[in-house]
Amino acid sequence: MKVYGMPYSTCTVRVLTTLAEKDEEGYEIVPIDLQVGAHKSPEFLKLQPFGAIPVLQDGNLTLFESRAIARYVAEKFEGKGTALFGKTVEERALVNQWLEVESHSFNPLIEPLVVQLVFAPMRGKEPVESVVKDHTYKLEKLLDIYEAHLSENKYLAGDFFSLADLSHIPYAFYLINVAKKGAPFTSRKHVNAWWEDISSRPAWKKVAALALTKE
Amino acid sequence: MSSLKVYGKPYSANVTRVLTTLAEKNVDDYKLVPIDLLTGANKTPEYLKLQPFGQIPAFQDGDFTLYESRAIARYISDKYEGQGTALFGKTEREKALVNQWLEVESQNYNPSARKIVFECVFAQILEGRPTNEAVVKEQLEKLGKILDVYEAQLTHHKYLAGDFFSLADLAHIPVTNNLINVAKKGELFSSRKHLNAWWEDISSRPSWQKVLQIIQAGQQQK
């Protein structure tokens with residue numbers, strides 16, 4: 001198995017963390033250096049026609065979109081490591097529900113924040129204040145709903161860790177630990193407890209160490 | 001008597017994504033419970049217990065409650081696996097490709113398509129302001145580049161995940177209908193040969209034709 005991407009890239013990290021949760025180490029990272037535009041080369045576009053990382057190759061299967069790759073990994077290695085979709089049909093459905101919330105409600109708010117607060121400065125650009133203010137406000141409102149939910153559930157889909165929790169980690173990490181702008185999370189008691197819990201998992205700590213050294 | 005309920009209104013693309021999935025699985029024994037965004041029915045305490053983000057649809061199977069249209073579609077697909085259209089292909093590999101194109105729809109197609117539809121159709125009704133043409137222009141350019149990739153894919157495959165119809169194709173139908181038929185941006189599709197053929201094919205499926213009738217009946221019902 002090959003993972004094409006960069007160890008510091010949020011979406012690559014989503015895949016690497018899933019592999020780690022499944023206790024799977026039988027893969028190679030093939031670096032695709034965004035700084036030199038390697039993700040737009042004709043060779044790479046044959047693998048990923050939208051020119052984005054990561055890509056997974058497993059035998060003759062080439063797969064892209066980190067959340068689809070994570071599903072594939074969770075199913076392929078179903079028998080080992082952490083069960084990432086719960087145990088019952090209903091638990092699985094709730095995992096899928098919160099995966100969609102991450103995709104459609106959480107990600108569109110936090111991704112622009114991380115771009116402004118972490119990636120833009122890395123490229124010598126100033127954060128656009130209006131974008132930061134607007135998205136922070138909306139993220140706070142969203143996390144109020146998470147707070148209510150997590151005051152009654154240890155994890156998003158219930159009382160078990162799942163791919164839905166994992167999928168939030170990469171961008172949350174960049175906002176909280178790299179940009180040091182984690183107040184929306186840390187000021188909410190149950191959201192904070194949930195973050196402390198999921199970010200102290202061994203699989204995540206392993207991947208985070210790799211992400212930070214390669215930045 | 002079925003215990004399935006879909007909460008929402010047929011003018012919502014997210015609601016019709018669920019209704020189309022039910023139709024593909026030959027499930028018509030469900031109740032559509034009206035929750036009208038225009039009256040704020042999605043913000044009542046009772047509804048927020050079902051869907052805390054105040055969005056439609058919500059779904060119930062007996063006393064099991066679920067939201068997010070794509071998660072509901074997955075649940076229906078699993079529950080009725082033995083009947084109707086197979087929506088995830090036949091093999092692990094096919095399923096993975098369906099999931100890939102479901103993510104492309106979610107991450108690439110939907111955000112731009114929805115922004116265009118919102119600006120052209122809903123900005124006036126919901127926010128009392130005119131269309132922001134600069135946003136429309138920007139999103140049309142972005143979506144155009146994405147649809148070029150779809151055109152290349154559909155040149156080699158009849159459907160997105162391969163030569164079989166799947167949930168990945170279905171997921172695109174409701175917003176594409178709004179984009180072409182309501183926002184009048186059909187040129188995005190008619191100018192791309194294979195994309196257009198794909199749209200003609202998937203939108204002529206009996207499931208979508210059935211849902212179109214539900215949408216039209218809903219419009220007459222003011």
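A residue counts as buried when its relative accessible area is under 20%, as exposed when it is over 50%, and as partly exposed in between, with a 1.4 Å probe and the protein chains only. By that rule Glu24(A), at 12% relative accessibility, is buried, and Lys80(A), at 31%, is partly exposed.

This is a predicted model, in which local features need pLDDT of at least 70 and side-chain atom pairs count only at pLDDT 80 or more, while totals for chains, interfaces and linings use all residues. Residues are numbered from 1 along each chain as its sequence is written, chains are lettered from A and ligands numbered from 1 in the order in which they are written, and side-chain values use heavy atoms, with hydrogens and water left out.

**Salt bridges**

Side chains of opposite charge can pair when their charged atoms come close. A salt bridge is a side-chain nitrogen of Lys or Arg within 4 Å of a carboxyl oxygen of Asp or Glu. Over all chains, the structure has 21 salt bridges.

| Glu24(A) | Lys80(A) | 2.6 Å |

Glu24(A) forms its salt bridge with Lys80(A) at 2.6 Å. The two are 56 residues apart, Glu24(A) in the loop between helix 1 (10-21) and strand 2 (28-31) of chain A, and Lys80(A) in the loop between helix 3 (66-76) and helix 4 of that chain.

Because Arg205(B) lies in the loop between helix 8 (193-203) and helix 9 (206-220) of chain B and Glu24(B) in helix 1 of chain B, the pair ties together parts 181 residues apart in sequence. Arg205(B) is buried, with a relative accessible area of 18%, and Glu24(B) is buried at 5%. In chain A, salt bridges that share partners join Arg14(A), Arg67(A) and Glu102(A) into one network.

**Aromatic rings**

Rings of Phe, Tyr and Trp (its six-membered ring) pair if their centres lie within 6.5 Å; planes under 30 degrees apart count as stacked, over 60 as edge-to-face and the rest as tilted. There are 24 aromatic pairs over all chains. One of them is the edge-to-face pair of Phe64(A) and Trp101(B), 6.1 Å centre to centre with 70 degrees between the planes. Phe64(A) lies in strand 4 (residues 61-64) of chain A and Trp101(B) in helix 4 of chain B, so the pair joins two chains. Phe64(A) is buried at 5% relative accessible area, and Trp101(B) is buried at 2%.

A tilted pair is formed by Phe119(A) and Tyr174(A), with 5.5 Å between centres and 45 degrees between the planes. Phe119(A) is in helix 4 (residues 89-122) of chain A and Tyr174(A) in helix 6 (residues 163-178), 55 residues apart. Phe119(A) is buried at 16% relative accessibility, and Tyr174(A) is buried at 2%.

One aromatic cluster takes in residues of both chains, including Trp98(A), Phe106(A) and Tyr67(B).

Helix 3 (residues 69-79) of chain B is mostly covered, with 9 of its 11 residues buried. Among them are Ile72(B), Arg74(B) and Tyr75(B).

Asn99(B) lies in helix 4 (residues 92-127) of chain B. It is buried, with a relative accessible area of 3%. Contact means heavy atoms within 4.5 Å. Apart from neighbours within four places in sequence, Asn99(B) is in contact with Ala68(A), Arg71(A), Arg74(B) and Phe88(B).

Ile125(B) is also in helix 4 of chain B, but it is exposed, at 56% relative accessibility.

Technical notes:
Helix = DSSP H or I, 4+ residues; strand = E, 2+ residues; numbered from the N terminus.
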